[in-house]
Every structure is written in structure tokens, then in C-alpha cells.
Amino acid sequence: MQAFTLYLPTKLVFGKDSVTGLKDAIAPYGKKVLLTYGGGSIKRIGLYDKVLEQLAGCEVFELSGIEPNPKIGSVRKGVEICKKEGIDFIVAVGGGSVIDATKNIAAGAFYDGDPWDLVLDSGKIGRTLPFFAVLTLAATGSEYDGAGVISNPETSEKLFLGAPNLFPVASFCDPSLTYSVPAWHTAAGAADIMSHTFEQYLVAEGNTVTDGLCEAVLRTVIENTPKAIANPEDYDARSELMLASSFGCCGLLSIGRTPSPWPCHGIEHEISAFHDITHGAGLAIITPHWMRYSLTEETAPRFAQYGVRVWGLDAKAPAMETALKAIEKTAEFFASIGIPAHLSEVGVTSEHFEAMADHVIAHWYPLTGAIRPIDKAGILKILTDSL
């Protein structure tokens, strides 16, 4: 097992009506608050009013309309409010997009330039505003990590920012708040959780502890996603998915092993940068094709382990045979929860594939560290096979 550092400073407050703890949590942080959220769903389910009750006594400023695949334009508006009004802290109410945008806003509040600079170079992130999250979607894990992803439509870029001080102070995770999440977004969120796990699990070197954690997360998502889709108010299923979301991207699943360059995320970020598709759906489409590209005689035992421990395949069968079955099981599962198998089905064409591949090479971690190294030709093959 390799040496590692795990830093998880966020207080995770989990359970029904957990938002009632927000008032005490924010008390030491001041009186001027920026409330960030997306569309009208938090008002329809009554969460907006509950949050305002917790903010009683504070001067509340609002930034609404934060988009899926959050845009730098929304971040700029939030930074402007923070600077103009002297905001003390932020409360993000929503899923990963709202929380990611809030992270960029929190960093931009004390930065003299354009907050997009901080996405291009996270090393420029200095002091940040404290912020809190009230989670409404199990997907990205942004409620329990120090990173985010922001899109810039002007440059067709969707890039990562991260820093140790971009963890939420506390995240309030009430599974019942996800009852109203439609089947499509429940499925896409599940695919996102699985992709986070695959990126950390399907690597050259594993270890017993983190392999077991990854396999447990994958089995949990596979078991509970159909339950949540069939019965949206299945509290236990929603709870399992929400906790899997938080654990999926916090670093816990990758400790003690060679870091992964997260190739599927690098490729999908470019797809949704150019076409603005649902992130989790894009990952679900890309993943089986990345798996097939990565499958070799050398990597087959790793994929076979996944097939045996997650899908219950025959441990005595040849590794390549089991690996191929595991990949097909993965694709079949995504189809079973309603996600298309091809990029063309969600409006993606091959028009920008060359630019996408160039962006991945320019902005993403070197994909030479993937379980099978990926160059530009490999990226183009995965994209083309996924079309």
C-alpha cells in the first residue's frame, strides 16, 4: 500500500430534517449570507422556506438560476454580490452544480481578477469564504470534497478547480429531499457515483481495503438505483445512494493506490462542454467503451475481479471471458435504468471530436497513468465508439 494523506474537514450531517441544524452551524460565521440555488425545485418542495427559517436574523442575498454544468457567468454574478455586499458566508442549496459554482464563488470573493482564472490555475486560490451545503441530489459528491467543475461557453471548456479550503464547512444530507428527483436525474446521478468509483477502482494497483470499499459502493448503487426509480419515496434506497455519493468522490476510495487520471471524466467534460448534456448520462455512455478500450491481457484480471466481486460472475472462468461479461453487465445496467447507449441519442455529433481530444490532452491529467495509457488516438477511438 502506498503512502497517502486523507483530508476530510467537512462535517457531514445526515438524516431526515438534518437541515434544522443549519442555524447553529452558521452562527459563528456572521450575518450576511449569499443563498445560492438552481431552478424552482427547492421552492416546490418547500425547502427554500425551511432554509430561510434557518437563516432568520441574517441579511440574505440570493443568486438563483445556477445551471446544470454550472457556467462561469453565474459564478461571476455571485462573486460580484459577495464583493459588493460584504458577504460573510454562503449557503448552497442544490446538487453538485450549485455546490461547484459556490466553490468558485467562495474563492473568487477574495480574488482581484476574473474567477475563471482560478479554474485555469487553482494555485491562484487564496482566502475563501466559508460555505455550507444543503444537498438535493445524490451524484457528484461535491458536498464532501474540495473540488468542483465549471463550464465556460465562450471557450467551450469545462474544467476542474480544487483547493484544501474549498470543502464545505458542513453539508446537510437529507435523503427525503431527493424524493422529487425525476427518474432521469436519479439514473444519471447513480451513473456519476459509479463513474467516480470506477475511476479510482479500475487502476493498475489495488489494495484490499479500498478495493472492498469501491466494490461495496458499486453494489450499493446497482441494488438501490432501480428501487429509487420504481419508488421515489423509498427512504432507505435514497439514503444508500446519498451516502454512496458522499463517499464516491472524497478521496476515501483511492487511498493507498496509484492515483488515477480519471480518463472518463476528462473525456466527458469535453462532451458536455461542447453539447451541454447531462454529465452522468455522458459518463454512462462513455464508460463501457473506455472499459473495452482498456481491456488487454494485462488488465483483464482487474476487470475480472470487478465482475466476480460486484456482479457475482464465475471466479473460475478465464479472466478475459469474465472481464468481457463484466463490461457487458455494466452497459446493460445503464440501459436498464434508462440511459441511452450512444452519444448520438443525446444529440452529440462527431463535429468537435478533434477539439475535444486536444482539450483533454491540454487540460487534463496525463492519461498515460490510466490502467491502459490513452493518447489522442485513444481518446478519439473512445469517442467514436461511443457515438
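Residues are numbered from 1 along each chain as its sequence is written, and side-chain values use heavy atoms, with hydrogens and water left out. Since this is a prediction, local features need pLDDT of at least 70 and side-chain atom pairs count only at pLDDT 80 or more, while totals for chains, interfaces and linings use all residues.

**The helix pair**

Let's start with H10 (residues 263-275) and H11 (residues 279-294), whose axes come within 9 Å and cross at roughly 130°. Helices here are DSSP runs (H or I, at least four residues), numbered from the N terminus. Axes are lines fitted to C-alpha atoms over the stretch in contact, with angles from 0 to 180 degrees between N-to-C directions. Residues of H10 in contact (heavy atoms within 4.5 Å) with H11 include Pro 263 and Ile 271, and Trp 290 is one of their partners in H11.

**The cavity**

A search of the whole structure turns up one cavity of 30 Å³ or more. A cavity is a set of points on a 1 Å grid, over the protein atoms alone, where a 1.4 Å probe fits but cannot get out; lining residues have an atom within 4 Å of a point. The largest cavity holds about 70 Å³ of space. H7 gives the most to its lining, with four residues.

Here is the lining by class:

| Class in the lining of the largest cavity | Residues |
|---|---|
| nonpolar | six residues |
| polar (Gly among them) | three residues |

Methods: Helix = DSSP H or I, 4+ residues; strand = E, 2+ residues; numbered from the N terminus. 1 Å grid on protein atoms, 1.4 Å probe; cavity = no way out; pocket = protein on both sides within 12 Å on 5 of 7 lines; lining within 4 Å. Points joined across faces, edges and corners; volume = space filled by probe spheres on them.
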